[in-house]
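Open the structure in your viewer and keep the selection tool at hand. We will go from stop to stop, picking residues and looking at what surrounds them.

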Amino acid sequence: MISRRALEIAAGALTGIFGVVVVVSSIDNGIGWSSAGVDAGTFPFLTGIIIVLGSLYNLGQGALGRGTLAMVRVAVTPSELRRLAGLFVPAAIFVAVIPMVGMYLAAAGYVFAVLALPKRQPVLRALVIAAVTPLALYVVFERMFQVTLPHGALAAAFGF
């Protein structure tokens, strides 16, 4: 079981690390003013600072145990953790297989996995939604926005 305090501390630390990464990378891009106007890293720098400050606040609240839900000993029960894993595990697999099979097949597999496997939708309906999703991605990104999504090694092997 995961306590609320541990969850809040972990969330504050992770978002804080993300904020620091944003700040450091924006400094590399340049912050401030140049002859062309505002440098490219100025807005991400300010956003990163806000993320870091919010994370420090959340980290302090979690460490001190303050707030309306501070007395809750368990934030995630085993059954809730299984439900969370039911979404996270397919998402991690989705991200991992994109370089191999491409965005379209990976998206279809992900949608099918989160709809049909936990029995949230009938299999036929999940298959239809899983087939429509990559088609919609293709039309929106490749045709309308003319942005190529990753096709993966499988598509390269077939010459796409």
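Start by selecting I98. This residue is buried, because its relative accessible area is 14% and the cut-off for buried is under 20%. Keep in mind that you are looking at a predicted model. I98 lies in helix α3.

Now show what surrounds I98. Leave out residues up to four places away in sequence. I98 then touches M103, A106, P150 and G152. I98 and L149 are 51 residues apart along the chain. Their C-alpha atoms are separated by 9.9 Å.

**Along helix α3**

Stay in the helix and select V111. Helix α3 covers residues 78–116, and V111 is found there. Is V111 buried or exposed? It is buried, with a relative accessible area of 15%. Which residues does V111 contact, leaving aside neighbours within four places in sequence? They are I129, A130 and T133.

Now draw a line from V111 to G60. This pair is 51 residues apart in sequence. In space, the C-alpha atoms lie 38 Å apart.

**Zoom out: the domains**

Colour the chain by domain. Domain 1 runs over 2–76, and domain 2 over 80–157. How many Å separate the centres of domain 1 and domain 2? Taken over C-alpha atoms, the answer is 30 Å.

**Into helix α4**

Select L127. You are now in helix α4. L127 counts as partly exposed, because its relative accessibility is 45%. L127 and D39 are 88 residues apart in sequence. From C-alpha to C-alpha, the gap is 47 Å.

Move along to E142. Helix α4 spans residues 123–144 and holds E142 too. Look for a charged partner. E142 is buried yet has no salt bridge. The nearest side chain of opposite charge is R143, at 6.8 Å. A salt bridge would need the charged atoms within 4 Å.

What does the side chain of E142 make a polar contact with? Select Y104: its side chain is the partner, at 2.7 Å. Then find the backbone nitrogen of L149, which the E142 side chain reaches at 3.2 Å. Now display the rest of the surroundings. Not counting residues up to four places away in sequence, E142 touches Y104, L137, V147, T148, L149 and H151.

**The aromatic rings**

Show the ring side chains. How many aromatic pairs are there? The count comes to three. One of them joins F94 and Y110, with ring centres 5.4 Å apart. Their planes meet at 40°, so this pair is tilted. Y110 itself is partly exposed, at 26% relative accessibility.

Another pair is F141 and F145. The ring centres are 6.1 Å apart and the planes stand at 65°, so the pair is edge-to-face. Check each ring's surroundings. F141 is partly exposed, with a relative accessible area of 28%. F145 is exposed, with 54%.

**Last stop: a loop**

Select Q146. It is found in the loop between α4 and α5 (152–157). Q146 counts as exposed, because its relative accessibility is 67%. Now look at the backbone. Most residues other than glycine have a negative phi. Q146 is not a glycine, yet its phi is positive, about 55°.

Notes: Residues are numbered from 1 along each chain as its sequence is written. This is a predicted model: local features need pLDDT of at least 70, side-chain atom pairs count only at pLDDT 80 or more; totals for chains, interfaces and linings use all residues. Side-chain values use heavy atoms; hydrogens and water are left out. Helices (H or I, at least four residues) and strands (E, at least two) are DSSP runs, numbered from the N terminus. Buried means under 20% relative accessible area, exposed over 50%, partly exposed in between (1.4 Å probe, protein chains only). Lys and Arg count as positive and Asp and Glu as negative; His and the chain ends are not counted. A polar contact is a pair of N or O atoms within 3.5 Å; within protein, one must be able to donate a hydrogen and the other to accept it, and residues adjacent in sequence count only if both atoms are side-chain atoms. Contact means heavy atoms within 4.5 Å. Rings of Phe, Tyr and Trp (its six-membered ring) pair if their centres lie within 6.5 Å; planes under 30 degrees apart count as stacked, over 60 as edge-to-face and the rest as tilted. Domain bounds come from an automatic or database domain assignment.
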